[in-house]
Amino acid sequence: MSNPDRSRLAVLGSPISHSLSPAIHRAAYDALGLDWTYESADVTGETLAAFVAARDSTWRGLSLTMPLKRDILGLLDSRDDLVDVVGAANTVLFGEAGELRGFNTDVYGVERSFRDAGIERLRLVHILGAGATAASVITGAQRLGARQVQVSARTPAKAGALVELGHSIGVEVSITPWGETLSGHPDAVVSTVPGGESVPAFSHEIRSASALFDVAYDPWPSNLATSWAEAGGTVISGLDLLVNQAVGQIRIFVGGDQTVALVNEPAVVAAMRAALDRR
């Protein structure tokens, strides 16, 4: 482990007061026996560079929300491969010399959330929404074998980057205008739209046979999640993604590598989920 004096962490965004990240990160560091602090800070794209530059040697790292995940890219001294693939970094680790190392743990969070739900293999995935989260979903689904993804986009002309992303990782991504019927029988439907937003309806056949991954968690359950559960389908909550991408971040903050599990990681994750239950 690196210098223990580097004990300060924070999640950045605007607005950020609603963030659940401080609760789950603090629970994890308590479970790990680490006397680290994790706060939230209201930071915009315009103030990001100044905020980062003002951090001193007591700072270990940062978590980032959108659009800061993209705004940070020009400030990084190094980045993991996934940052370039997805075009976003949600994690920054301060090096011993103050250099900024960027990582993306959202992809890991997507993959692990599917696996935690017992889903080890995907072929066709339907995605609602074509924003930044969709890029992480496509990449996470590819790690589970997906080769076809259909994206329902409100502005199809702006979704070309997702098609290019798919091409780069061997996934055929097609874009369908919002509200039009997606074709085929997906293994999973992933909603990346904000909670409470109206989404297309799905047949009972799809809801009963396909998994729903609704990345929103406020309000929960969403109308879509409720309809899925009523049909007997598998439902994965955005809270699962929140916890799992945070596990990747904590692995980086602790050991610098999101592929290396934490000591007694199941107990750490249990503490994180218990913190959510108390919110």
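Ser210 is located in the loop between α8 (204-209) and β11 (211-214), where helices (H or I, at least four residues) and strands (E, at least two) are DSSP runs numbered from the N terminus. The structure is a predicted model, in which local features need pLDDT of at least 70 and side-chain atom pairs count only at pLDDT 80 or more, whereas totals for chains, interfaces and linings use all residues. Residues are numbered from 1 along each chain as its sequence is written, and side-chain values use heavy atoms, with hydrogens and water left out.

Ser210 counts as buried because its relative accessibility is 3%; buried means under 20% relative accessible area, exposed over 50%, and partly exposed in between (1.4 Å probe, protein chains only). Leaving aside neighbours within four places in sequence, Ser210 is in contact with Pro186, Asp187, Ala188, Trp228, Gly233 and Thr234, contact being heavy atoms within 4.5 Å. The C-alpha atoms of Ser210 and His185 lie 7.9 Å apart in space, with a separation of 25 residues in sequence.

One joins Ser14 and Pro15, with omega about 0°, and Pro15 is found in the loop between β1 (8-13) and α1 (21-31). Another runs from Asp218 to Pro219, with omega near 0°; Pro219 lies in the loop between β11 and α9 (223-230).

Asn264 is not a glycine, although its phi is positive, at about 50°. Asn264 is in the loop between α10 (238-255) and α11 (265-277). With a relative accessible area of 54%, Asn264 is exposed.

The chain as a whole contains eleven helices and twelve strands. Its radius of gyration is 19 Å, which agrees with the value near 19 Å for a compact globule of 279 residues; the radius is taken over C-alpha atoms, and the globule rule is 2.2 Å times the number of residues to the power 0.38. The C-alpha trace spans about 55 × 40 × 30 Å along its principal axes. Of the 279 residues, 54% count as buried. Among contacts between residues at least 6 apart in sequence, 66% join residues at least 24 apart.

The mean positions of the 22 positive and 31 negative charges are 2 Å apart. Lys and Arg count as positive and Asp and Glu as negative, without His and the chain ends, and the place of a charge is taken as NZ of Lys, CZ of Arg, CG of Asp or CD of Glu.
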